[in-house]
Amino acid sequence: MEKTGRHPCYSYEAHHRYARMHLPVAPQCNISCNYCNRKFDCLHESRPGVTSEILTPDAALKKFVLVRKKIESLSVVGIAGPGDALANWENTRHTIQLVRQADPEIIFCLSTNGLMLPHHALELTGLGVKHVTVTVNCTDPVIGGKIYRHVHYSGHKYAGAAGAEILIRQQMAGIKILVGQGVLVKVNIVMIKGVNDLHIPEIAKELKGLGVFITNIMPLIPARGSVFENYPGTSPAELNKMRSMCQVDLRQMYHCKQCRADAIGLLGNDRSSEFRVEAGEKGASGLGTGRQARAV
Ligand code: CLF
Ligand code: SF4
């Protein structure tokens with residue numbers, strides 16, 4: 001309760017009362033998921049990876065201060081892309097430090113694909129991050145080879161199953177470190193029919209063994225221009241059936257709104273458009289993406 005009571009994603013009850021804001025300070029990514037398209041920006045689209053601005057850490061602080069003044073229920077600051085928080089480590093770290101100095105009470109939340117997690121997990125906990133979301137779509141590299149085109153790691157580019165194997169290894173190692181440090185780890189799983197859907201109960205069992213707190217099984221949003229553009233989406237009934245099946249092993253999230261990388265407000269009431277112009281200085285040109293794995 002102490003760790004979840006004011007976090008709208010970790011607690012169903014809290015999501016009616018507490019707001020979160022995402023600071024889009026992480027534009028780069030180190031892997032390529034087949035459901036991701038980071039080439040366009042849409043102000044009216046709400047899903048993970050979509051953002052209308054990229055902020056420098058200084059601009060992120062400015063925006064945080066403004067939003068905190070206007071939204072009293074703000075309890076969580078999340079970094080959820082639009083790329084990967086840990087593939088932009090300097091920006092992510094600096095942003096956390098600046099916001100922490102401005103507000104010692106705020107809860108930090110971070111969402112990542114997990115590739116660089118073992119490298120940064122201890123530093124993250126040292127910065128006071130107690131909530132981390134990792135997207136784990138498979139624990140089998142062969143299935144991973146159908147989901148990930150490339151993984152960039154240690155100066156090399158690995159394709160298909162070879163890349164997925166590295167990614168899975170890093171995710172598992174990173175989650176172990178975080179759990180050992182008392183971090184509440186949430187795992188997002190994108191349910192892709194005909195690709196990883198039958199494998200999801202097995203993932204949940206493995207995650208249980210690692211001490212993961214909750215899983216958030218999300219429907220595939222077939223993003224325009226992505227490899228999975230024409231893949232079937234997942235219906236709410238199919239999704240809930242899968243969640244119920246996995247609930248035997250692990251707590252499930254049922255209230256995710258698959259929100260934007262610059263989302264602000266209660267989960268069910270995005271107010272990000274109110275703050276775009278007001279925050280003033282933007283760190284880089286507007287950019288939207290089509291990734292859906294994080295935040296997440
Ligand atoms: Fe953001 Fe994600 Fe933290 Fe929540 S979102 S980084 S855990 S503060 Fe929440 Fe949005 Fe669903 Fe994410 S509703 S997409 S689960
Ligand atoms: Fe990177 Fe996220 Fe896009 Fe995957 S979905 S390629 S992790 S930004």
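Guide: Two strands count as paired if DSSP finds at least two bridges between them. The model discussed here is predicted.

Visitor: Over how many bridges do S8 and strand S9 (residues 214–219) pair?

Guide: At least two bridges are needed for a pair. S8 and S9 meet that condition and run in the parallel sense. Within this pairing, methionine 191 has proline 219 of S9 as its bridge partner. The number of bridges between S8 and S9 is six.

Visitor: Which residue of S8 stands opposite histidine 131?

Guide: Strand S5 (residues 131–135) is joined to S8 by five bridges, and the two run parallel. Opposite histidine 131, the residue in S8 is leucine 184.

Visitor: What length does helix H1 (residues 57–70) reach from its first C-alpha to its last?

Guide: H1 has 14 residues, and 20 Å is expected at 1.5 Å a residue. The computed value is close to that expectation, at 20 Å.

Visitor: Which strands and helices are among those that cover the buried residues of H1?

Guide: The buried residues in H1 are Pro57, Ala59, Ala60, Lys63, Phe64, Leu66 and Val67. Their cover includes strands S1 (19–22), S3 (74–79) and S10 (264–266), along with helices H2 (89–102) and H8 (272–275).

Visitor: Why is the pair of tyrosine 10 and phenylalanine 213 stacked?

Guide: Planes under 30 degrees apart count as stacked. Tyrosine 10 lies in the segment before S1 and phenylalanine 213 in the loop between H6 and S9, 203 residues apart. Both residues are buried. The ring centres are 6.0 Å apart and the pair is stacked because the planes stand at 25 degrees.

Visitor: Is tyrosine 231 buried or partly exposed?

Guide: Tyrosine 231 forms a tilted aromatic pair with phenylalanine 228, at 4.3 Å centre to centre and 35 degrees between the planes. Phenylalanine 228 has 1% relative accessibility, so phenylalanine 228 counts as buried. Tyrosine 231 has 33% relative accessibility, so tyrosine 231 counts as partly exposed.

Definitions and conventions: Residues are numbered from 1 along each chain as its sequence is written. Chains are lettered from A and ligands numbered from 1 in the order in which they are written. This is a predicted model: local features need pLDDT of at least 70, side-chain atom pairs count only at pLDDT 80 or more; totals for chains, interfaces and linings use all residues. Side-chain values use heavy atoms; hydrogens and water are left out. Helices (H or I, at least four residues) and strands (E, at least two) are DSSP runs, numbered from the N terminus. The expected span of a helix is 1.5 Å times one less than its number of residues. Buried means under 20% relative accessible area, exposed over 50%, partly exposed in between (1.4 Å probe, protein chains only). Contact means heavy atoms within 4.5 Å. Rings of Phe, Tyr and Trp (its six-membered ring) pair if their centres lie within 6.5 Å; planes under 30 degrees apart count as stacked, over 60 as edge-to-face and the rest as tilted.
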